[in-house]
Amino acid sequence: MSFEIDIQDFIDEAEEQIRILNDGLLSLEKDKTNEEIINEVFRAAHTLKGGSGLVGFDKMTELTHSLESIFDLIRDKKFALESEHLDVMFEVLDVLMELMGEVDSGVFNTDISIVSDKLKGILAQTEDPNKKKKKKKKAEKELVTEIDSVVAEGLDSQLEETEVLELQAIGGDNISEFIGTALSVEERMAVDRVCADADLNLYGVDVKIGDDCDVISLFMFMIFNKAKELGDLIMSNPKEDDLEEDEMSEVKILFSSIVSEDVIKNELVMPEVESITIKNLDLAPDPMLKATEEPLISPILEPKIEPELPVIAKEEINTEEKSKAPAKEVEQKRKLSTTIRVDSQKIDGLLNTAGELVINKARFVQLESDLEKVFGRIPKVGELKETISQLMRITNEMQEGIMQLRMVPIDQVFSKFPRVVRDLSRKLDKKINLVIKGKDTELDKSVVEEISDPLMHLIRNSVDHGIETVTDRRAAGKKEEGTVFLNAYHQGSSIIIEIKDDGKGIDIEVLKSKAISKGLIMESDAAAMSDKEAVNLIFLPGFSTAKELSDLSGRGVGMDVVKKNVDRLNGVIEVITEKGRGTVLTIKLPLTLAIISTLLTRVTKAVYAIPLVNVISIEEVSKSEIYKIANKEAIRIRNEVINILRLDEIFQLGNDNRNKDRVQVVIVGMAEHRIGFVVDGLIGEQEVVIKSLDNSLVDSPGIAGASILGDGNVALIVDVSTLIERVLQEL
Amino acid sequence: MEKDSKEEELALNIDAELFTKEEDIYQLVTFLLGEEMYGIDILAVQEIIRMENITEIPRTVDYVEGVINLRGKVIPVIDLRKRFNLPIQDETKDTRIIVVEIEDKIIGMIVDGVSKVLRLPASLVEPPSPIVGGIDSNYIKGVGKVNENLIILLDLTKINDSSMNIM
């Protein structure tokens, strides 16, 4: 168990160290003698070596050991760093990343011999002070085995002590009092074992079930299952096997668990429960037990700490500069006290709970207005109103707070790009300077994960197709070095990401002829197209402007995939280009995927939510204003012809609004496309928590997800992009 | 030495006994659908709730009734009668939704009424004959007999399998 935790700690730590290595090597490329960075890289390699050694990742230890040795020599000015060495080191970094991947996938087959040999080749160029180090390593290993045996001994002595303890134990009558029956010898022994273990708590749970429960025995079964999930069941009254015979409405369970009382309460509270009492019986153990507890724990604890000792010892042996290592440790400690690492699932759980709170809040508001209708403006209703507005404020604050927890700086994505641009520009023989701005701009973690690949593609595109070669640039009278400018900033509740290059831009005429030759558009269309429309041709599936597919940007994904990804995130992508001057790609994304602002509409009896980002305007038109073009219904709004969809029709809800004189049309847009949804009524704007419909049974084209309304009913969220695409295809 | 091996044998025997004992008994939640009684594995059942407002999802197969709000979770609900091509019946006061977990997905199944939890020895369960109670034998794991009553054991994985729709 503790092994797994160690591994997770190691992975988190290692990712950080690899990032430091990466940044360090990139900086060293520009300034090969910067001592500060050399030290930083050395320390990162050293930490990685130590960590990987501890968890037994030998391959990683081997590589980082060589890296460390090289940087040790560089530090001592016994070796001069060259670009070719950096190339090898970047390769090593890639392999280290692969090795990290192994931990996740569980397939340990990465071949490190090639890079390892290259590294050793570099080492061989220098004098070889390696032997000394190897000896030290051996010494470390011996130390570890010694400690292992100490641990084993410690466990033995613990076992003996426990036996003694079992004989001594006599207390715990409050337990049999609670459970309402005498404990058998085995049960008493189990109880004592739990009391003696500092990690385990002994819980007594008393559950009473309400009358409206349908199948009491099933419910009991679930309670038992939950208890077993949470810990170890010791005993119960009535016994588990007897449950089914007599349908009891009350059960008492005694079990041990490491989780806290609150967790248990949360897990066990179900709608059928009338009352539940949870007692931590561990809190008041027999004084006799407590006295024997102390000496019992100490022999186990000591060896537990000790395995860390060799690390510290190693650090002192290896680091010549003793003063620096402790300084860094202090720094790390300071960091630890201000930040905590939390499993993102826990935050997601919290967000879900907050989502439910938001739903309840909406429910209160509705109740209040209902009450006001019945009772009028009596003082109590006014009081309720005030309380609700308080509740709303607190709920909003809490929700925002939790959303903040999920926010991470976009640097998590941006930090990958310097390396990509470096490798790519070398390969293509271009000179490119990547300028990154706004890397601290925060956005939701889920958005960061989703946007990573599309951004990578766009960056590759800029480098590959945007920036010209040095000769071309010289001929065009530009600076030899091209610039790719990456910027991120907030705008309202959106984040804007810009990718700007001063390359050759997109040639609209070439674009058009290409699209025609590929049969994507007609020649007549092309002539009528504005430049703005034409640029968007790059987003069509099957369009690629590269003369030959390079393995760099043409990895089977095109701009159409980028656009699809951005669409899926409810985002917008725009291209502005000027021939000879460069291209600007702008991506606008919502800060979060969990909550969106919507326009709630009524379609027949159902409620449909339309994402507000897509809503352009709301119009009311009379029947006579709807006309047909090529058998499709359309309306004219301010000189623009807009196709309309009747939501009741496409969602097959029965055609109610067909005969109405006036209908409401919600005009929605995506990029430059506009369509109108005919609805039966507007309910209002509301922020909703998105619940995905992740079951193929309810997978429905045109529905993006569901959400729970104030009255507890479920509203469906309209997938605007799919519906617009559908209309475009039918045209 | 001899004593040791004897003890070992004994331990093995006890293990085997426990093992077969557990293997031999089906723990079932039983419910009614028309005239027949059906049983599903108790471990798959999350809870049993009364009928509530179901939001219809457009363009789904006919036995998918829609989705419900289960304490903040949105879960799909299917009508088992429609799933098995049994005659449609109006909701009564006994109608329930059994919430089950099938292959990590949570769905609700509308049934005519829930009866009880039952332990059924495997020896009383027979493999399905081609047609039982009017539903396709593909959905059935076996048929159990308790006091002259037949209990049809359902194979839940098949119920969630949309490739079975075509039939």
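The model is predicted. Strand 8 (residues 482-491) and strand 9 (residues 494-501) of chain A run antiparallel. They are joined by 8 bridges.

These two strands belong to an open sheet of 5 strands in chain A. The strand order is 6-8-9-11-10, and the pairing is mixed. Strand 6 (432-437) and strand 10 (572-578) of chain A each have a single partner strand, so they stand at the edges and one side of each is left without a neighbour in the sheet. Direction ignored, neighbouring strands are turned by 10° against each other on average.

Helices pack on this sheet. Helix 17 (residues 417-428) of chain A touches strand 6 and strand 8 of chain A. The direction of helix 17 makes about 170° with that of strand 6 of chain A. Helix 18 (residues 445-466) of chain A also packs on the sheet. Helix 18 touches strand 6, strand 8, strand 9 and strand 11 (582-590) of chain A. Its direction makes about 15° with that of strand 9 of chain A.

Helices also pack on one another. Two packed helices are described by the angle between their axes and the distance between the axes. The axes of helix 3 (residues 58-75) and helix 4 (residues 83-105) of chain A come within 10 Å. They cross at roughly 155°. An angle over 145 degrees counts as roughly antiparallel, and helix 3 and helix 4 of chain A are therefore roughly antiparallel to each other. The crossing of helix 3 past helix 4 of chain A is left-handed. From helix 3 of chain A, K59(A), M60(A), L63(A) and L67(A) take part in the contact. They meet M89(A), V92(A), V95(A), L96(A) and L99(A) in helix 4 of chain A. By class, this contact has 8 nonpolar residues, no polar residues and 1 charged residue.

Helix 14 of chain A passes helix 15 of chain A in a left-handed crossing. Their contact comprises 18 nonpolar, 2 polar and 5 charged residues.

Chain A also touches chain B. The contact takes 28 residues from chain A and 27 residues from chain B. On the side of chain A, helix 9 (216-230), helix 14 (344-375), strand 21 (703-708) and strand 22 (714-718) each give two or more residues. This side divides into 15 nonpolar, 9 polar and 4 charged residues.

Key. Residues numbered from 1 in each chain as written. Chains lettered and ligands numbered in written order. Predicted model: local features only at pLDDT ≥ 70, side-chain atom pairs only at ≥ 80, totals over all residues. Contact = placed C-beta atoms within 7 Å. Helix = DSSP H or I, 4+ residues; strand = E, 2+ residues; numbered from the N terminus. Nonpolar A, V, L, I, M, F, W, Y, C, P; charged D, E, K, R; others polar. Axes fitted to C-alpha atoms, helices over the stretch in contact; angles between N-to-C directions. Parallel < 35°, antiparallel > 145°, perpendicular 65-115°, else oblique. Left-handed = near helix turned anticlockwise from the far one by under 90°. Pairing = 2+ DSSP bridges.
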